[in-house]
Amino acid sequence: MEASELDESMKVLDSCLALINWRLKPSTKRRLQLDILALSTRMRPVVMVDYGGKMPELQHHLSSLLQLTQKDSPFFEHLRLMVIQDMIYLIHVTELAQHVRSSFNSEKPQLLFVDLEHEPPKMITQIEKSQLAMQFISIQKLFLTSFCPEGITNPAPSQEAKCMDNNANSTAHCFNAHSTEYIDLSNCMDNTDVTVPTLNGWLLGYPVVYLFGKERIADAIYNLSTKYLHIFQVSICRNSTLKKGTQAEELLSFSVPYDLSMRGSDEQWAEAFLAHMRAKWERCANAWKSLKMEVTECHPQAIVL
């Protein structure tokens, strides 16, 4: 994908925003543009939408925007809306399917969980002994069931991870990847104690996510608010034939307690994560000039989960 194609796609996006009369602040509009570029170039599988406005108005704006852009340009054809309760996401259906399947690939670095229910927070090393972690895996299987339409040509998941889980089949539904309807997985956390931050951490592609039950939210907030954190920020700078000297922008960021990440970017899981992101960048290097990860220290402060 060439830089000129990205520039043309952003012209289409701007035109469609004007047609639906969706007025966004300049900073918000830049965030929307970056998110859509990151999704369309498959740098990210999912972004969580926070562009101002409330449901259902926000969903209506995004739905109208996708319908118009997909009529005008194939660049946007794999983008969809996904709704989980009162949260709304933009997704790339193929990249999300790959992300979900890779979660069951034993050759890939496994997602790390930080237990926030206890003081001090610690990494969970034996997932099978954590009921909450096992409930989360059942949610991953539900997503696997939902994102296995015909035509996704990614490596097959292991036998035990195929779309055969009875509990998942009773709750999830496979969808048509070519449909323009939004994907509703609002019931994905039913009958579990898994919280939204854990689900979002995985969906948004973080290598480390916080794990705590719905009845332990206050404990989790306290245990995290009293700790020094490392903030891992991945920045990216796109190529453009229209704008010279474009600056790096934040692609994603996540935090990890300092005591659990004392080596910063030299942590084994951090190195593997950066290698994974660089591999994504290299396959669309014409679209993006650079990618880097920086680690900064954050002093204890009030945290909202």
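Mentor: Begin with a rule: two strands count as paired when DSSP finds at least two bridges between them. Keep in mind that this is a predicted model.

Now apply the rule. Three strands make an open sheet, and their order is S5-S4-S7. The pairing in this sheet is mixed. Strand S5 covers residues 122-123 and strand S7 covers 208-211; both stand at the edges. Each has a single partner strand, so one side of each lacks a neighbour in the sheet. Look at S4, residues 112-115, beside S5: two bridges join them, and the sense is antiparallel. Because the rule asks for at least two bridges, these two bridges are enough to count S4 and S5 as a pair.

Move to another open sheet. Four strands line up here as S1-S3-S2-S6, again with mixed pairing. S1 (46-48) and S6 (183-184) are its edge strands, and each pairs on one side only. S2 takes in residues 79-84. Between S2 and S6 there are two bridges, and these strands pair in the parallel sense. Met 82 has its bridge partner in S6: Ile 183.

In soluble globular proteins, nonpolar side chains tend to be buried together.

Next, H5 itself. This helix spans residues 131-146, and Gln 135 lies in it. Is Gln 135 buried or exposed? Its relative accessibility is 18%. Buried means under 20%, so Gln 135 counts as buried. Leaving out residues up to four places away in sequence, Gln 135 touches Thr 192, Asp 193 and Val 194.

H4 (93-102), H5 and H9 (268-282) each supply at least two residues of its lining. H9 gives the most, with seven residues. The lining has 38 residues in total, and Ser 102, Ser 103, Lys 108, Pro 109 and Leu 111 lie nearest the centre. The volume of this pocket is about 930 Å³.

Take Glu 95 in H4. At 4% relative accessibility, Glu 95 counts as buried. Apart from residues up to four places away in sequence, Glu 95 touches Arg 42, Arg 44, Pro 45, Lys 280 and Arg 283. His 78 sits 17 residues away along the chain, with 9.0 Å between the C-alpha atoms of Glu 95 and His 78.

Now follow the chain from H9 to S10. Ala 287 lies in the loop between them. Its relative accessibility is 0%, so Ala 287 counts as buried. Ala 287 touches Met 1, Leu 6, Thr 41, Arg 238 and Asn 239, with residues up to four places away in sequence left out. Asp 7 is 280 residues from Ala 287 in sequence, yet their C-alpha atoms are 9.7 Å apart.

S10 (residues 288-298) pairs with S8 in the antiparallel sense, over 10 bridges. S8 also runs antiparallel to S9 (residues 249-257), with eight bridges joining them. Val 234 has a residue opposite in each: Leu 252 in S9, and Met 293 in S10. S8 covers residues 229-238 and is mostly covered, with eight of its 10 residues buried.

Step back to the whole chain. There are nine helices and 10 strands. Of the 305 residues, 51% are buried. Among contacts with a separation of 6 or more, residues 24 or more positions apart account for 72%. The chain exposes about 15,400 Å², and carbon and sulfur atoms supply 49% of that.

Note on methods
Residues are numbered from 1 along each chain as its sequence is written. This is a predicted model: local features need pLDDT of at least 70, side-chain atom pairs count only at pLDDT 80 or more; totals for chains, interfaces and linings use all residues. Side-chain values use heavy atoms; hydrogens and water are left out. Buried means under 20% relative accessible area, exposed over 50%, partly exposed in between (1.4 Å probe, protein chains only). Contact means heavy atoms within 4.5 Å. Accessible areas come from the Shrake-Rupley method with a 1.4 Å probe; for residues, only the protein chains shown count as cover. On a 1 Å grid over the protein atoms alone, a cavity is a set of points where a 1.4 Å probe fits but cannot get out, and a pocket is an open set with protein on both sides within 12 Å along at least five of seven lines; lining residues have an atom within 4 Å of a point. Grid points are joined across faces, edges and corners, and a volume is the space filled by probe spheres set on the points.
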